[in-house]
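Hi,

Here is the structure I promised to pass on.

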Amino acid sequence: DVSPVVAGLIGATVLVVSVSLTVFVWTCCHQQAEKKHKTPPYKFIHMLKGISIYPETLSNKKKINRVRRDKDGAPREAARGNLLVDAAEAGLAGSEKAPDGPGVAPNIDQLPIKVDYGDELSPDQSLTPGGSKTSSPSSPGDDVLLGELTFSVDYNFPKKALVVTIQEAHGLPVMDEHTQSSDPYIKMTILPDKRHRVKTRVLRKTLEPVFDETFTFYGIPYSQLQDLVLHFLVLSFDRFSRDDVIGEVVVPLAGVDPSTGKVQLTREILKRNIQKCISRGELQVSLSYQPVAQRMTVVVLKARHLPKMDITGLSDPYVKVNVYYGRKRIAKKKTHVKKCTLNPVFNESFIYDIPGELLPDISIEFLVIDFDRTTKNEVVGRLILGAHSAGAAGSGHWQEVCDNPRKAVAKWHSLSEY
């Protein structure tokens, strides 16, 4: 026999458990039903030879390894695997590899380069505005043929989606002197907003790559197509330094009408236009070299007029400083992140022990990067001082530092777009 109090407690417990299970099952069923009728929140869908690949598989944390077989049956790697290569942090841009000769030290892995934090320095020197880049050190000469790119443009009216298929490229130049070939891939951006940025996979050791990759961009009204421009950047992947820029293709959609069906286009790959530093902002840096101590002091002072990178209309910038000997990165360091500002003040110094005889082959790269906690950090602008400085302002600043030892030389420089 059970007392009425115990029976009441047991009944209440069973009732509560039953109601909780019912609510939980109903919530799960309701969420599943919503997912079936809800459009996936993706900016685009990537088609790789008929296989749907959503953006999360294109992140730099995921890898897609594809194995092909040669005619003799031996397997070979068809893609690098890492589809999104952070070229901004991989090395200096350049179509020429590190030369082998007496001008380069044979053992660069044992260079006496050491990085230390120094004291903060106030910019009390007289400042002169720097100039912007006028040419690209990595761009091939005007007499070099860069090949052609074949692609197609289509529009899906029911889904309001722009469909771009990157088919193939022909006649690409040799970017790797050792293999007499290239490892090409293509970055694509829709201008002027630059909200859609995609990349193809890397094809190894070929000058005639066949990509056959389709990118579908949703939420683009047909009436806005005439205002858009497709920008294709053709690059060659380099495992040990920064990816080489082969060239670019710019296609305004004002002259393309995909309303009647897919439009196939073939455009010549042109030398990359580096005149894109407008609205990238400016960076103020100070350099000084102590010949007795053989020490270079680099001070990142401040930046101004940086572009808006966040939804709030601000940015969270920091500066990454890379030191190169020839084409090899030998040191790297970065400043602290400055939250919610377009005119950050860093005042952070770095000290590098560099022998004086190595100065002609030293380059210092400054990357202004917008920090993002949820997505990938994005490069805002770039500045190179030293051996690989393309602009007159950068070369002049470096020469002034070398000609005036023990003197801190601070200048403003316009940032170029990566």
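First, the rule: rings of Phe, Tyr and Trp (its six-membered ring) pair if their centres lie within 6.5 Å, with planes under 30 degrees apart called stacked, over 60 edge-to-face and the rest tilted. Bear in mind that this is a predicted model, where local features need pLDDT of at least 70, side-chain atom pairs count only at pLDDT 80 or more, and totals for chains, interfaces and linings use all residues. Residues are numbered from 1 along each chain as its sequence is written, and side-chain values use heavy atoms, with hydrogens and water left out.

By that rule there are four aromatic pairs. One of them is Phe-151 with Phe-232, tilted at 40 degrees between the planes and 4.7 Å centre to centre. This pair links distant parts of the chain, since Phe-151 is in strand β6 and Phe-232 in strand β11, 81 residues apart (strands are DSSP runs of E, at least two residues, numbered from the N terminus). Both Phe-151 and Phe-232 are buried, meaning under 20% relative accessible area, with exposed over 50% and partly exposed in between (1.4 Å probe, protein chains only).

Phe-157 and Tyr-222 make another tilted pair, 5.1 Å centre to centre with 45 degrees between the planes. Phe-157 is partly exposed at 40% relative accessibility, and Tyr-222 is partly exposed at 27%. Together with Tyr-155, Phe-157 and Tyr-222 form one aromatic cluster.

Cheers

Methods:
Helix = DSSP H or I, 4+ residues; strand = E, 2+ residues; numbered from the N terminus.
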